[in-house]
Amino acid sequence: MIDLKGKVAVVFGLANKRSIAWAICQKLAAAGATLAICYQNERLQRDAQELAADLPGARTFPCDVSIDSDIDGVFEQLKSAYGKLDILVHSIGFAPNIKNTVLNTAREDFRVAHDISVYSLIALVRGAEPLMAEGGCILTLTYYGAEKVFPNYNIMGVAKAALEATVRYLAVDLGPKKIRVNAISAGPIKTLAARGIGDFSKILTAVEERGPLKRNVDPLEVGNTAMFLCSPLASGITGEITFVDCGYNITGL
Ligand code: NAD
């Protein structure tokens, strides 16, 4: 049994009940962590507040990671609310015009995809570090499209590759401070973000047909792995990309 009592976890990227962030929130809360849940903007506020109400002691905070003052503001609020942080989960990704091939990606779309999906991890970790004086765990979410080419994933695949490299560099930067940095590479899951990827159902079908477990992953299985990686049981793991994809990534044909 993983015990996270007394730990404070901030989770970024809750849009609705299908969000991977929500599965992670539920699992961290079940292990006893106190949850600070961040949502992007007013449009998502009600959903975030309704979901948070299910988790004892959870509070919600707005933060658009494309705005520096939002990031500064949320860490000030977290500092005054909790005085420390133990866990930070970054479950955020966005690529405008993802349907465009990499060849046809506009400079601004490249910039935004990397700003929201990669730089935001760096900015959030920088905000959290002073609150992790006794060490901590950082976790982000990536996809196999960072390593292999998937139809319609396009510039997001390039951004995820940068995200995975960022995990390794941050792990080295923060290791001396006893802060571990890891990523989960989740299998395909039907979420709001996934809706933007053309023919997503074909990817789901491929995992069912070709993956070792012959099924797709349940978001709560991603939540379980997040709980493990953010717990003392994973104290020797940092800079790693852990697949939670029902084994699909090991297959050839
Ligand atoms: P989701 O749509 O529920 O979550 C994406 C979140 O990113 C949303 O909450 C959205 O508000 C947030 N976001 C986007 N721009 C933001 C901004 N400027 N400021 C603050 N928040 C912002 O979808 P999800 O599938 O749960 O995605 C979570 C993470 O998991 C993403 O990094 C995604 O790439 C990754 N992932 C998803 C899958 C999948 O198949 N769904 C697989 C592997 C990895």
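Is Lys5 buried or exposed? Lys5 is exposed, with a relative accessible area of 63%, where exposed means over 50% relative accessible area, buried under 20% and partly exposed in between, for a 1.4 Å probe and protein chains only. The structure is a predicted model, in which local features need pLDDT of at least 70 and side-chain atom pairs count only at pLDDT 80 or more, while totals for chains, interfaces and linings use all residues. Residues are numbered from 1 along each chain as its sequence is written, and side-chain values use heavy atoms, with hydrogens and water left out.

**Salt bridges**

- With a salt bridge taken as a side-chain nitrogen of Lys or Arg within 4 Å of a carboxyl oxygen of Asp or Glu, the count comes to 8 salt bridges.
- One of them joins Asp3 to Lys5, with the closest N and O atoms 3.5 Å apart; Asp3 is partly exposed at 45% relative accessibility.
- Another pairs Lys84 with Asp86 at 2.8 Å between the closest N and O atoms, and here Lys84 is partly exposed at a relative accessible area of 29%, whereas Asp86 is buried at 11%.
- Arg111, which is partly exposed with a relative accessible area of 42%, meets Asp115 in a salt bridge of 3.8 Å, N to O, and Glu108, Arg111 and Asp115 are linked in a network of salt bridges.
- Arg111 and Asp115 both lie in helix H4 (residues 107-128), 4 residues apart, about one turn of the helix; helices (H or I, at least four residues) and strands (E, at least two) are DSSP runs, numbered from the N terminus.

**Packing of H4 with H5**

- H4 and helix H5 (residues 154-174) pack at an angle of about 20°, with their axes 9 Å apart, the axes being lines fitted to C-alpha atoms over the stretch in contact and the angles running from 0 to 180 degrees between N-to-C directions.
- H4 and H5 are therefore roughly parallel to each other, since angles under 35 degrees count as roughly parallel, over 145 as roughly antiparallel, 65 to 115 as roughly perpendicular and the rest as oblique.
- The crossing of H4 and H5 is right-handed, a term for the near helix being turned clockwise from the far one by less than a right angle, with anticlockwise giving left-handed.
- Where contact means heavy atoms within 4.5 Å, the residues of H4 that meet H5 include Phe110, Leu121 and Val125, and those on the H5 side include Ile155, Leu163 and Leu174.
- By class, this contact of H4 with H5 has 15 nonpolar, 3 polar and no charged residues, with Ala, Val, Leu, Ile, Met, Phe, Trp, Tyr, Cys and Pro counted as nonpolar, Asp, Glu, Lys and Arg as charged, and the others, Gly among them, as polar.

**Packing of H1 with H8**

- The axes of helix H1 (residues 20-30) and helix H8 (residues 219-229) come within 8 Å and cross at roughly 50°, and H1 and H8 are therefore oblique to each other.
- The crossing of H1 and H8 is right-handed, and their contact has 9 nonpolar, 3 polar and 1 charged residues by class.

**Backbone angles**

- Most residues other than glycine have a negative phi.
- Asn97, in the loop between strand E4 (87-90) and H4, has a positive phi near 50° and is partly exposed at a relative accessible area of 39%.
- Cys246, in the segment after strand E7 (241-244), has a positive phi near 55° and is buried at 8% relative accessible area.
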